[in-house]
Every structure is written in C-alpha cells, then in structure tokens.
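Please keep the sequence and the 3D view open while reading.

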Amino acid sequence: MIRKFTFGSPLSTDAVTVSTPVCTDSFPYFSLTKTSSFLYHMDDKTRIYGLGEAVRGINKRGWIYESFASDDCDHSENKRSLYGAHNFLIIDSEKDLFGVFFDYPARLTFDIGYTLSNQLLITPLDANLDIYFIESEDINDIVTQFRQLIGQSYIAPKWALGYGQSRWGYKNADDIRTVVRRHREEHLPLDSVYLDIDYMEKYKDFTVDENRFPDFSSFVEEMKQENIHLVPIIDAGIKIEKGYSIYEEGVHKNYFCKNEDGTDFTAAVWPGHVCFPDFLNPAARRWFGQKYNILLTQGIDGFWNDMNEPAIFYTPERLAATLQELGDYCGKNLGVNEFFELRDKIKDLSNSDVDYRSFYHNADGNILCHDKVHNLYGYNMTRSAFEAFEELLPEKRILIFSRSSYVGMHRYGGIWTGDNMSVWGHILLTVKMLPSLNMCGFLYIGADLGGFGENTTEDLLLRFLALGIFTPLMRNHSALGTREQEIYQFEKTDAFRRLLSIRYGLLPYLYSEYVKASLKGKMLFRPMRFVYPEDSRAAGIEDQLMLSDELMITPVYEQNAEGRYVYLPEKMRMIRMRSLTDYDTVLLSAGDHYIDIPLDTVVFFLRPNCIIPLSAGGENITEVSGISLKLLGYVTDTACYVYYDDNGYEKDYNNPAHYNTIRVDPTGNILVTGERTLDLTIASI
Ligand code: GLC
C-alpha cells in the first residue's frame, strides 16, 4: 500500500509517474518537530536501508547524510553527500517495516542516529514536500511497489554490458586504436572505448577536435568494424565563445540559467567560462537533447553525461572578489591561522552554496532559485538526452549514463559512481552502494574499476574487476596523470583474460536478469537480509550480496588476502572459477567457511534448485551466443529458470518470443518451453 502526504506547496520533480491522491490519514510513523524536521524513534535493532549513492554501510544507521548533489572526488566515510540525491529509505525494525520517499529537490538531511543514537531526523530546507509511505510485510515488495511508483528503469543496449576501457588522457584516434589493438592482440574482450573531454575542441560539447580525430565519422565506422562502440562524454557547461553555435543559440533563445538581474550566469569548469543550460526549462531541455544528434549522425550510440551537479570550479565574480581579499594579506606577517584562512578562501570557491544560491531557472514560467531545485539538474540533463533519443531513434536503445542523479532519472539512464580512488576500501564501498542504488531504481550502474584517482596496482585492479564482472556497467576508468591501468599494462595478462572470460560467459544470465529486474521493478543486487529475513546473522552482513534469485557473491576487498570468510545462510554450491572453462564446484553446508580465493579466481555460490545459463564467451558481445548455452546449477529437486534474451537494441521487451522457461531435474533432464530453440547442455548440476 502506498500513501502520499503533502506539506506546503512542493515543487514538481517528476520523480513519481503514478498519480497518487493525497492521503487524509494522520501522518504515520514520524512526528513533526518544531523546527520542521521529521522524527522517527528507532529501537536498538532498527535497520535503515536506502539512500542510493552514499558513503558507509548498506545499513545506513550511525551517520548523517545529505542529499545535495556534490562534485567531490573524496569518497571517504566522513562525507555526507556524493553526486546523487536518492531520498528513499526502508525502515526495518521489530515494530515497523515500511519504505518512505521524500520527494524533495533541495538539500535534505538524514540524521540516522548520528546526534542521538535512536533518533532518525529528516530535515528539509523548507517545508514544501511530498512524502510517500510504502507498506508491505515483505521488504522486497516494498521496493517493487516503490519502483512501480517511480516508473520502469532505463534499459541499456546489450553491448553496454560488455567490457569498456576508458581513461582521461587519450589524446587522439591513434591512442584509441592502440587501446583496441592491444586488447585484440592479447585476446582480451572489449566492447567499448570511452572518449573523455580531450576528444572535443577546447572542451566544447558536441564538437570533435579535427586535429586529434580527423574524419570522425570514418573513425567511428572503423571502430564499429572492430566491434567497438565509442562513447563520448558530454559535460553540463557550454563554453562561452563567440562563434560557437551552441553557445550563441543558447544566449539568443534564453536557454541558459540566469543571474538575479536576468543576465546569463557564468561559472568556470573544464572549458573555462561556461553557461549552464537550463534543463528545468522544457524548451531548453529539448533544445539541448537534440544536439546529441550531431554525434548520433556520426555513428555514435552511447554517451556519458558529466559535471552535472553542476560542478562549479569557481565563478568569475567570486574569484575576483577573493583575489582582492587575498591582496589584503600581502605584506602582513601571517600567523598560522591566517594562513589556513587564506587557503580556505581559495578552496571555498569551488561548488559553493553561495553560487548555488545565486542563479535561477525558468521552469514553465516559474522562476526558481537553483538551490531549491539543485538535485534535479543532472537528472534533467540526462532526461534531455533520453527524450531526444526517443524522438530521434525511437526503435533503438542508446547508452546513456550520468554522474549526478535524482530518483526519477533511473527511467532515463544509468549512473556510474563518480570519481572513486584506487584504494581497497572502494571495492567494499561499491559493494555497499549496489543494492542501495537498486532500491532507488538505478540498475545500469558500475564503479570506475581499478579506481579513478591515484595509482592503481595490479592486484587492486584484478579484485576490482572480479566484482565488476557482475555489474551491468563494467568499465575501467582512470584520471589524467595516474598510472596507466588498461589491463595490458600489467604482467598477469592471462589472469585478466581468464577473468574477463567469466564475464562474457555470464553475459546471457546477467543480461537476462538485468532486463527482467528493470521490467519487474526488482533488484539485481540485494542485501542478505532481503533474501533471508529470518536469519539474524544474514541481516548484519555487509560484504556479501545476493545477485538476483540464484547467486551469492563474496568479493575480496583487502590487499594480500588469499581468501575470506563467507557466511552461508543455507546449503549452497560454491563455484570457484579460474576461467570460464576451468572451475570446480563444491557443495557447502550452511554456516561459516573460510574460502581460498586466489587473485586470479572468482568465487560465487548457487542457491539450491537454481540454474544459470553460461555462454561459451567471446571477445566482444557479438560473439556471445544467447542460444548455445551450458547450464550451471545446484539441483536437488527441480530448478526452473526464466531466460530472457533479445537482439540487444530493440525495445519490444514484452514480446513472448524473448522468453524461454528452462526446467532441469536432478538427473539432468532438460525441459524447455518458449518459441526460440535453445541448444542447451548441462555443465554441472
Ligand atoms: C570528472 C569525471 C571523470 C572525468 C573527468 C574529466 O572528474 O567524473 O570521470 O574523467 O571529469 O572529464
């Protein structure tokens, strides 16, 4: 059951797609404090799930979080917000079980037992918001009801589940050719290469630097011949430059965010001074979206949207004012405190609340100060792209994912988890974000594998990839100036090759589960508690995840670990894979086990009476058969698997021809129903 409550006059976010009447019941669970916060009393065992992209645990209790999309490359535990705003929580206690969504686009604070350990205090900037309560006895059903409320998750093209290589710093077409050649020479699977800002002319959106990429369309075609999709980045800011048509059109049509006096708001990001398209203005949104066609017509079929919190390095006015203030320090005998003050003045120029409070949107004639709608900016940038794709290429799926997001954006694209670092803790942080993001509707997700900032190591990249082989977006990305981290840069090429072979073997299963999860409002990654509600041990586990209905995954996230402890809530079959064809399977009883997991090995666990289809792999997605499959399972009685597959780019998901039901009994008899003829054999049951 879903109940909606409205306070004041909320701004429309379009997060919810099902119109829900306002409920007149008394406001449940929470009390309203004098300072307009919403207060819920947790008991000692209450667990809080949700908040999507955020630091710390799967259980969010014990910290204070803020929904305020932030460009912050330090994802350490003491941070309160990252790039997204995902205001959905599940409260799970002995007395209560419910979900709650605060549909509110400005800054929202979640004090989850931080100030007082048993107090959950949620504080909006002002009291204009919609709140939805979702109730059910089944925690999974709470998620599904919520997902039905906010609409079906974006489905990426199938090729976008292949392995992708990215790096900020590839300078020209030859650099990209080298990446592709090295992967192909070493038989390392690869489906996409990402183009970071360097492909553009002076970081101007929808331009291509002709010196670096002469005859771009032919280059895109050349890559297609190699079965490589090029995925360019698009940034939020439009460079201010006379003669740059997009800038000039934006000025002319009044499509940029404004200062209070009606002039165009200016900030500095990668291109230097920029204007920000007003994505909250439907006409501007449509205008910007149509610009993607400039690259689509050159053969591009995937994009990543960046810097769309929006990130602001500085504004020229405040920089000038600060420089003036700094002048006052000249000639003075500065003490340590003055020195720190001076240093902070420079630091405070970036992503400052003062700037976010100083510009305006025009949403259907409604002039809104940016800080009231901050969290909707990146969401609407990605919406502008998606809506244009629907109009321009209605039959085809285009890859699109974003750095910043709000609930609702999950209908238009995926996300990556931003600028993480090459540190071990960020493998575990990724594990914790995956189920939290799925609850909020984001299914096409992944982290920068190997780590974006700082220098990676071979073992870190191997362990990161061993988690990444399960995430829909599987991309290796790193920052300018860091150690090169394409997998061929390292010694253990064979180990990497074998690891990627497992991803490509799992692809039919992962794609099937990903599409079904989107269509049915289910999670791909679930906390153990969601699958084993009666098991109190399972509820506390934060470093193992359930993958769909069949698997449990247990990544290694510590350097030099040769294995790890794993808790099995029930008897399971362990699959220890060194490659797609080299693996052993062991039945393990419920309970605790120490599992050896060498660096070149991936371990996962099959639940009883479950089977998964495995392909014979391939070096890109076109080589992966969705027909000729081996079944890997743990069958004691009967296992039944609903297998989804399609051509990977059309959108007729509900066509029954895409579904087969595969039944296997313990003796290995296979019974298949469905229009499509599959060639199935048993690998191991
Ligand atoms: C931002 C993005 C990162 C990208 C860089 C340069 O930091 O998050 O992925 O490489 O900008 O465009």
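## A strand covered on both faces

In other words, five of the five residues of β5 are buried. Strands are DSSP runs of E with at least two residues, and helices are runs of H or I with at least four, both numbered from the N terminus.

The model is a predicted one, in which local features need pLDDT of at least 70 and side-chain atom pairs count only at pLDDT 80 or more, while totals for chains, interfaces and linings use all residues. Residues are numbered from 1 along each chain as its sequence is written, and side-chain values use heavy atoms, with hydrogens and water left out.

## The sheet that contains β5

Strand β5 pairs with strand β9 (residues 108-112) in the antiparallel sense over five bridges, where two strands count as paired if DSSP finds at least two bridges between them. Within this pairing, Y65 has F110 of β9 as its bridge partner. The two strands belong to an open sheet of five strands, in the order β2-β3-β10-β9-β5, with antiparallel pairing. The edges are formed by β2 (31-32) and β5 (63-67), each of which has a single partner strand, so one side of each is left without a neighbour in the sheet.

Elsewhere in this sheet, four bridges connect strand β3 (residues 38-41) with strand β10 (residues 119-124) in the antiparallel sense, and F38 stands opposite I122 in β10.

## Another five-stranded sheet

A further open sheet has the strand order β1-β11-β8-β7-β4, and its pairing is antiparallel. At its edges stand β1 (2-7) and β4 (47-50), each with a single partner strand, so one side of each has no neighbour in the sheet. Strand β8 (residues 97-103) and strand β11 (residues 129-135) run antiparallel and are joined by six bridges, with F101 standing opposite Y132 in β11.

## Helices that pack together

Two packed helices are described by the angle between their axes and the distance between the axes. Helix α13 (residues 458-468) packs against α14 at an angle of about 10°, and their axes are 10 Å apart; axes are lines fitted to C-alpha atoms, for helices over the stretch in contact, and angles run from 0 to 180 degrees between N-to-C directions. Helix α13 is therefore roughly parallel to α14, a label given to angles under 35 degrees, whereas those over 145 are roughly antiparallel, 65 to 115 roughly perpendicular and the rest oblique. The contact, meaning heavy atoms within 4.5 Å, involves E458, L461, L462, L465, A466 and G468 of α13 together with A495, F496, L499 and R503 of α14.

The axes of helix α2 (residues 173-185) and helix α3 (residues 216-225) come within 12 Å and cross at roughly 0°, and these helices are therefore roughly parallel to each other. Their contact is made by A173, I176, R177 and V180 of α2 and by F219, E222 and M223 of α3.

## The nonpolar core

A nonpolar core is a set of buried Ala, Val, Leu, Ile, Met, Phe, Trp, Tyr and Cys residues joined through side-chain atoms within 4.5 Å. In the largest one, which has 211 residues, Y514 and F604 touch the most other members, and helix α14 (residues 493-520) gives the most to this core, with 14 residues.

Methods
Buried < 20%, exposed > 50% of the residue type's maximum accessible area, 1.4 Å probe, protein only.
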